[in-house]
Amino acid sequence: MRISLALLILLSVFAAHAQNDSLDAPYKRFPTVPPFDLLQPDSSTHLTKEKIDPKRNTIIMYFSPDCTHCQHQTEDLIKGMDSLKGMQIVMATYLPFEEMVDFYKKYQLAKYPNIKIGRDVKFFLPPYYRMKSLPYLALYKKGSLVTTYEGNQTVTTLVEAFDHKTIN
């Protein structure tokens with residue numbers, strides 16, 4: 001009886017520990033730029049992790065073209081572009097390709113060489129980050145995670161995060 005009870009307790013502790021490990025989002029276990037694959041607005045080019053400069057600060061922004069918060073975040077990024085010129089901004093969405101292209105054109109994102117946009121055709125990023133709300137921003141310095149944000153952030157907050165935050 002005691003052996004059975006001890007074995008049951010041991011198995012329960014082991015199972016609880018295993019569940020806690022599985023609760024960590026992949027981005028916390030692998031705090032580097034994820035292996036994304038985004039179909040770009042030309043409908044033939046793919047943007048991947050390998051195509052971004054690992055030495056530059058990177059903002060990955062997951063958005064929805066019809067989300068007003070995402071629209072405001074995009075407007076703020078454009079207004080603050082002087083502060084963001086040295087950074088690469090990767091904007092990703094899962095919504096239909098046509099909606100992404102309309103968003104790209106509406107905000108004239110082609111004018112900003114440091115902004116890349118694409119459709120997350122494999123729906124990889126939301127489960128990777130375990131997103132709960134949009135816009136979702138993940139900041140990487142030299143390829144390593146600095147921090148993540150859910151919801152709108154000022155450009156000042158984003159710029160300062162690269163100097164002051166540590167990996168969360």
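Two strands pair if DSSP finds at least two bridges between them. Helices (H or I, at least four residues) and strands (E, at least two) are DSSP runs, numbered from the N terminus. In this predicted model, S6 and S7 form a hairpin with 2 residues between them. Local features need pLDDT of at least 70 and side-chain atom pairs pLDDT 80 or more, while totals for chains, interfaces and linings use all residues. Residues are numbered from 1 along each chain as its sequence is written, and side-chain values use heavy atoms, without hydrogens and water.

**Strands**
- Lys142, in the turn of the S6–S7 hairpin, has a positive phi of about 50°.
- S6 and strand S7 (residues 144–150) run antiparallel, joined by 6 bridges. Lys141 has Ser144 in S7 as its bridge partner.
- Strand S3 (residues 58–62) is also antiparallel to S6, with 5 bridges. Here Ile59 is partnered by Leu139.
- Strand S6 (residues 136–141) is largely enclosed by the rest of the structure, because 5 of its 6 residues are buried. Buried means under 20% relative accessible area, exposed over 50%, and partly exposed in between (1.4 Å probe, protein chains only).

**Nonpolar cores**
- A nonpolar core is a set of buried Ala, Val, Leu, Ile, Met, Phe, Trp, Tyr and Cys residues joined through side-chain atoms within 4.5 Å.
- The largest has 29 residues. Ile59, Leu84, Ile89, Met91, Leu109 and Leu139 have the most contacts inside it.
- Apart from that core lies another, of 19 residues, including Tyr27, Ile60, Met131 and Tyr140.
- Beyond four places in sequence, Met91 touches residues including Leu38, Phe63, Phe103 and Ile117. Contact means heavy atoms within 4.5 Å.

**Gln71 and the cysteines**
- Gln71 lies in helix H3 (residues 68–79). Its relative accessible area is 18%, so Gln71 is buried.
- Cys67 is buried at 14% relative accessible area, and Cys70 is buried at 0%.
- There are 0 disulfides (cysteine sulfur atoms within 2.5 Å) in the structure.

**Aromatic rings**
- Rings of Phe, Tyr and Trp (its six-membered ring) pair if their centres lie within 6.5 Å; planes under 30 degrees apart count as stacked, over 60 as edge-to-face and the rest as tilted.
- The count is 7 aromatic pairs. In one, Phe103 and Tyr107 have ring centres 4.7 Å apart and planes at 50°, so the pair is tilted. Both residues, Phe103 and Tyr107, are buried.
- Tyr27, Phe124, Tyr128, Tyr129 and Tyr136 are linked by ring pairs into a cluster.
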